[in-house]
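Please read the numbered points alongside the model.

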Amino acid sequence: LAGIVLFLYTLDLNTYRRQLEDTLAGALSHPVQLGAAQLAFEPGPAFSFSDLSIGNGDGDEEILRAERILFKLDLWPLLTGKIVLRDILLDRPHFRHRLSSSPTDSAPQPSPSQPFRPVLDIGILSQGRIHSLTIVQGDFELLDQRQPGHHVVSALKNVDFYLENLAPGQTSNLALKAQGVYGGNGADLSLTGAIGLPANLDDWRGTSVQVTLNLADLDAELITAFFPASQPSLTASGQTSLLLESSGSFNEGMDFRLRLGGEDFSLQSPAVQIRGKDLFPLVFSGHWLSQKGGHTFSDLRLDGGNLHLQGDASLEAAEDGLRLQTSWSGKPLPVAAISAFFPEGEKGARFADLLQEGSVELASFTASARPDNTRPTGYRFLVQSARLNIRDGHLRLRPNLDMTGLAGRIDLQDDELALEATANAAGHAFRLEGTLRSPFSVSRHLSLQAAGA
């Protein structure tokens, strides 16, 4: 023990600080500066640096700054005069990242031939030295400048984070608490889970993950921030909560389950309204798998209230961006449940009065989304095919005129809409069939037949 103390007190901390700066700079590909160094015992031997800066300086070029960084040392290697870092503590770090549609010339671009390596592999980790990472009261900021004139700041504030047993071939546990902020709205956030690193970090796709993310008291107005400014008619009120559970690996895919809750939640547009008391808890689940050239989503389910849908989807990389392909089907939905989605006001009341009884079933639905710069969202959504089955419908056409026994189907194929239905009204049996083509002009025939007295 006396030898360890003597070794530490005779160590030139300034020389070691410069060596550590060079090691970290080489691993991170960014300049690293450490402040004044001192020897500490908290408990056990540790090196404490008064300041940490990663990046080219102040302002936008600085990636991370911390008031203090503490390296705890592994005790036994000190017996042989070796310094092995065991634990890292960052005190009040501030991390900043900027997303821009036109990257700066100074930003380093990875070589196309260089294999991808995860951020965690910073050289020290690959040598199995770091056992834990602790962050105290951190502040992480993301500035999205990809849309000209529309800059959005998202951040994690008051971050407390702990990651232990951080070593290749081991399973590490993590815990995070913070306040998430997006577009000026905030919510309490917590994350717990485990990460299993492969023994060889080059095989990073073998990393296993099990995480639970919880967002509480999420302001409903936060949802409208994700929509283009060209849609100011979309309004939201109340609060919601979000619970995300996911497990799996990058090689074999990830199972996920997302649950939304909130009785007083409301989202409304001129065409539709969504109320938490009618739909929540809303659960979305499925399996994600990353494959060469894209992603697949299988066993998708969406359940909430009377809504029950199942489907699959795929995202494929193309020259003009990502392309989405998705197919869905569902269980019969009572028209009373559909009425709950009509907007408040005279128009919504008319639709609610029209639909008296019956059910609608989404038998099939196939759609795609493709990049389109002329659209506010940057994508064009196309319905390729769909089939709706109508059963036992009861419509109130006028106060003294009802249509009952409505049954049939509506088929949509590209821009062509085919109708086939039967019903009874005013003592007559009706049959409606025909085909409409966008923009809804009669393309083949549309006939109405009546029989009975």
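1. Throughout this note, contact means heavy atoms within 4.5 Å. Leaving aside its neighbours within four places in sequence, Ile69 is in contact with Leu34, Phe47, Ser48, Phe49, Leu52, Ile88, Leu89 and Leu90.

2. The model is predicted: local features need pLDDT of at least 70, side-chain atom pairs count only at pLDDT 80 or more, and totals for chains, interfaces and linings use all residues. Residues are numbered from 1 along each chain as its sequence is written, and side-chain values use heavy atoms, with hydrogens and water left out.

3. A nonpolar core is a set of buried Ala, Val, Leu, Ile, Met, Phe, Trp, Tyr and Cys residues joined through side-chain atoms within 4.5 Å; buried means under 20% relative accessible area, with a 1.4 Å probe and protein chains only. The largest such core has 37 residues, of which Leu20, Phe49, Leu52, Ile69, Phe71 and Phe161 touch the most other members. Another core, of 22 residues, lies apart from it and includes Leu234, Leu279, Leu282 and Trp328.

4. Of the 453 residues in the protein chain, 34% count as buried. Among its contacts between residues at least 6 apart in sequence, 46% join residues at least 24 apart.

5. Thr240 is buried, its relative accessible area being 5%. The side chain of Thr240 reaches the backbone oxygen of Gly261 at 2.4 Å. Beyond its neighbours within four places in sequence, Thr240 has contacts that include Ala216, Asp217, Leu218 and Phe280.

Notes:
Buried < 20%, exposed > 50% of the residue type's maximum accessible area, 1.4 Å probe, protein only. Polar contact = N/O pair within 3.5 Å; in protein donor to acceptor, adjacent residues only side chain to side chain.
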